[in-house]
Amino acid sequence: MSKAAEIDIISVSKIYGTTTAVESISLKIPAGTYCCLLGPSGCGKTSTLRMIAGHEGISSGDIRLGNSVVTDLPPAKRGTAMMFQSYALFPHLDLIDNVAFSLKMKGVGKDERRAKAMDMLRLMQLEAYATRRPAQLSGGQQQRVALARALITDPEALLLDEPLSALDPFLKIRMRAELKKLQTSLGITFVHVTHSQEEAMALADLIVVMNDGRIEQAAHPRTVFERPATAFVARFMGDHNVISGRVTKSTEDTVALSVPETGGEFLATGENSMSRETADIAIRTDRVRIAEPSEKGLGFTGSISNIEYRGSSVKLSVSGAGVEDFTAIVSDAAFFANPVKVGEAIPLSWNREDAIVLGHLKH
């Protein structure tokens, strides 16, 4: 296998007519990283992947792969390989010829390319199926053929466009483990587009959360989970409640926030925010307790609008104090020791360190 390459995206934009799909993004993906581009539909993640691959032109900016600027190079000359969402296998060719296809295009002799294709099928544990056609395989097997075909060119970076979206939930989880294992053993850079937070958390060393053509946060999964950079990241990752309000008091490490509709006050830890009139604070859903707050500003009383049993935990949706759709994830033991019902008013609270002030994305 060839070496992994660092990918450097420098002030890259993509404009279609009057629509800006990607707006001046800059990102460094270290060599050998498993990077997930994550975000809702239309956020620019697939356009970004296709620009790295060369399947999409760049409106402005540059992309470097290792030491080379690849902005104007065709896909085959970039040292990247792309695996498409649809797998795009040739139905009339057996697996060996499917996998060897790109080598055939490069003029590699029949024996050599078939031998290399067999090596790739062995890596994917598919050598027993070498003479079958794609239609005779399961979804997971077809995916492994598409991976083998992408990897046969010895790319420095493998680009994956929603590779798991067509698979059933159990197979998804199995293929996630296989992708991670493959990336670790090959040591090359993987860039993987997904809209699934769970998938990105399970796979990535680097999560890049995109929204509306911009990067909201690029960090290790734990940082994105524990310290979301913006209100969008906190909401999109789904593990924080976001409360927006007016800054009423700010010291070295504490910010007080007033929610306009009710005048309810909330405290959060964060840098001095007096220069800002408004702010967002995030509170981890799994750090919320059903209990009276220990001090004012670290909780509120709300009405339960929904209860979801999840096995080891129970998800409560609560509204009150001008906060809509606030989520608390409590352990099944805590819930069933003192069960509550929809419509009931309950006190919720959390610790001061579990409420953090969020940053603003600078436009």
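A crossing is left-handed if the near helix is turned anticlockwise from the far one by less than a right angle, and right-handed if clockwise. That one comes up in two of the views below.

This is a predicted model, in which local features need pLDDT of at least 70 and side-chain atom pairs count only at pLDDT 80 or more, while totals for chains, interfaces and linings use all residues. Residues are numbered from 1 along each chain as its sequence is written, and side-chain values use heavy atoms, with hydrogens and water left out.

**View 1. The whole chain, before zooming in.** There are 9 helices and 20 strands here, taken as DSSP runs (H or I of at least four residues for helices, E of at least two for strands) and numbered from the N terminus. Along the principal axes, the C-alpha atoms fill a box of roughly 75 × 45 × 35 Å. Of the 363 residues, 49% count as buried (under 20% relative accessible area; exposed is over 50%, partly exposed in between, with a 1.4 Å probe and protein chains only). Take the contacts (heavy atoms within 4.5 Å) between residues at least 6 apart in sequence: 65% of them join residues at least 24 apart.

View 2. Residues 110-123 make up α3, 14 residues reaching 20 Å from first C-alpha to last, close to the 20 Å expected at 1.5 Å a residue (the expected span is 1.5 Å times one less than the number of residues). R113, A117, M120 and L121 are the buried ones. They cover an arc of only 100° around the axis, so they sit on the same side of α3; the arc is that of the directions from the helix axis to the C-beta atoms. Look at the face turned away from the buried side and you'll find D111 and E112, both exposed. The cover over the buried residues includes α2 (95-105) and α4 (139-151). Following α3 is Q125, with a positive phi near 55°.

**View 3. Where α2 crosses α3.** The two axes come within 8 Å and cross at roughly 120° (axes are lines fitted to C-alpha atoms, for helices over the stretch in contact, and angles run from 0 to 180 degrees between N-to-C directions). That makes α2 oblique to α3: under 35 degrees counts as roughly parallel, over 145 as roughly antiparallel, 65 to 115 as roughly perpendicular, and the rest as oblique. The crossing is right-handed. From α2, the contact residues include L95, V99 and L103, and from α3 they include R113, A117 and L121.

**View 4. V99, a buried residue of α2.** V99 belongs to helix α2 and counts as buried because its relative accessibility is 0%. Setting aside neighbours within four places in sequence, V99 contacts A117, M120, L121, V145, A148, R149 and I152. V99 and R149 are 50 residues apart in sequence, yet their C-alpha atoms are 4.1 Å apart.

**View 5. α4 alongside α5.** Helix α5 (residues 169-186) packs with α4 at an angle of about 20°, the axes being 11 Å apart. That makes α4 roughly parallel to α5, and the crossing is right-handed. Among the residues that meet are G139, R144 and L147 in α4 and L171, M175 and L182 in α5.

**View 6. T80 in strand β6.** T80 lies in β6, which spans residues 80-83. T80 is buried, with a relative accessible area of 12%. Not counting residues up to four places away in sequence, T80 touches I52, A53, L65, P75, P155, A157 and L159.
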